[in-house]
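Here is a short report on one protein chain. Keep the sequence and the 3D view side by side as you read.

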Amino acid sequence: MSAVLNTQPGAQSAASHRDRVEDQLGAHNYHPLDVVIARGSGVWLYDVDGRQYLDCLSAYSAVNQGHCHPAILAAMVEQAQKLTLTSRAFRHDQMAPFYEDLARLTGAHKILPMNSGAEAVETAIKAVRKWGYEVRGVPEDQAEIIVCANNFHGRTLGIVGFSTDPDAYGHYGPFAPGFTIVPFGDYDAFDAAITPNTVAFLVEPIQGEAGVVLPPSGYFSRIRQRCTERGITLILDEIQTGLGRTGKLLAEEHEGIEADVTLIGKALSGGFYPVSAVLSNADVLGVFQPGQHGSTFGGNPLACAIARAALRVLTEEGMIDNAASMGAYFLDRLRALPGPVREVRGRGLMLAVELEPDAGGARLWCERLQARGMLVKDTHGHTLRLSPPLIVTREQVDWACDQLSAVLSAT
């Protein structure tokens, strides 16, 4: 496992040296844009040469509150100077206030803190299966969970086993059974997939990685009703859609429903630290007993203090309302774009511009926007995802649309 690499730049430029080090030592599981970010503030990112960029990805919605929010930073520094980790073998003084803040905001009856979004998803799968056997009386090892095609719930082995993306599941099997895949937004397909052993429906309110795909109006209202009728746990993965991204605290509020289990992460820490949580009614998370599930770092004092600050600024500084108003304005501006635009869609500040198939691929347009000081993520070949921090202003939205218009009209 030895590697021969000259780590001294010598006559090479610093940029080419960085690229060479990343290419030789880093696993090639990402294809980032050719920009090296050195710092961030609010909606702006700055590269190593000092160039400024409008961030329209927000670290996949992990920095909804903006980069390096001073109040979250202060909470992190204060807590880091006192206590960072105890493990769950002992109680600590940040856990109860974290639970209270989160329950007050979301109405959750039980909370299980974890670290990454994928861990929250895996936790929910374990919990709902156990609930199915112990509460619903499903025969052992026969529990079934319905999921949607084109889903993205993470990259653990358990999760990719029910992905429909060949890049996610290819050559990683064998996979665990117990998942039934139906088209997203198709109520009839969901209803037809239900069996006596169906314990849950795991679904994103909006499919972000699939290209910001929204379900038909009324879909989740019907899903909620059917899940209640059949004793099925509705699990909403709000790791990307939650905490203000769609103009509501949780995306479920757009249809006036409540999930049985809600998964949150990413913006739960404002981008400072990995924090996620499973929120549920008492029945589902109530099945866990000591020793049956856990995490050394999950719910640690530093994570709880950071998450409390992240939630506080999100609500007290009007970021959710701003996401609603700026998202509506942004969407209207995007619908007036020139050039090879096939469709514009989104909700709140979770937006997408799908380009025509013959436009050369979305990556090309991301590179052109980067040259104009705007960082955008491509997805599914032809779609540009636009998700700036929730503090974005009308002037910044106008500027972003000007850059999009300039590149798209230059075809």
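## Ground rules

Two residues are in contact when they have heavy atoms within 4.5 Å of each other. This is a predicted model: local features need pLDDT of at least 70, side-chain atom pairs count only at pLDDT 80 or more, and totals for chains, interfaces and linings use all residues. Residues are numbered from 1 along each chain as its sequence is written, and side-chain values use heavy atoms, with hydrogens and water left out.

## Two domains

The domain assignment gives domain 1 (33-62 + 319-409) and domain 2 (70-317). Such bounds come from an automatic or database domain assignment. The C-alpha centres of domain 1 and domain 2 lie 27 Å apart. Across the boundary, 24 residues of domain 1 are in contact with 27 residues of domain 2.

## The nonpolar cores

A nonpolar core is a set of buried Ala, Val, Leu, Ile, Met, Phe, Trp, Tyr and Cys residues joined through side-chain atoms within 4.5 Å. Buried means under 20% relative accessible area, exposed means over 50%, and partly exposed is in between (1.4 Å probe, protein chains only).

The largest nonpolar core has 69 residues. Leu-102, Leu-268, Phe-330, Leu-334, Leu-384 and Leu-386 touch the most other members. Helix 11 (residues 301-316) gives the largest share of this core, ten residues. Helices (H or I, at least four residues) and strands (E, at least two) are DSSP runs, numbered from the N terminus. Domain 1 and domain 2 each supply at least three residues to this core. Apart from it lies another core, of 30 residues, including Met-114 and Trp-131.

What does Phe-330 contact, leaving aside its neighbours within four places in sequence? The partners are Leu-349, Leu-351, Leu-386, Pro-388, Val-397, Ala-400 and Cys-401.

## Two buried residues

Val-43 sits in the loop between strand 1 (37-41) and strand 2 (44-47). Val-43 is buried, with a relative accessible area of 3%. Leaving aside neighbours within four places in sequence, its contacts include Tyr-53, Leu-54, Pro-389 and Ile-391. Ser-58 is 15 residues from Val-43 along the chain, and their C-alpha atoms are separated by 8.2 Å.

Thr-262 is found in strand 9. Its relative accessible area is 6%, so Thr-262 counts as buried. Not counting residues up to four places away in sequence, Thr-262 touches residues including Leu-236, Glu-238, Ala-277 and Val-278.

Most residues other than glycine have a negative phi, and most peptide bonds are trans. Look for the exceptions here.

Val-212 has a positive phi, near 55 degrees. Val-212 is found in the loop between strand 7 (198-203) and helix 9 (219-230). Is Val-212 buried or exposed? Val-212 is buried, at 0% relative accessibility. Leu-243 also has a positive phi, of about 60 degrees. Leu-243 lies in the loop between strand 8 (233-237) and strand 9 (261-264), and is buried at 1% relative accessible area.

A cis peptide bond joins Gly-173 and Pro-174, with omega about 5 degrees. Pro-174 lies in the loop between helix 7 (166-169) and strand 6 (179-182).
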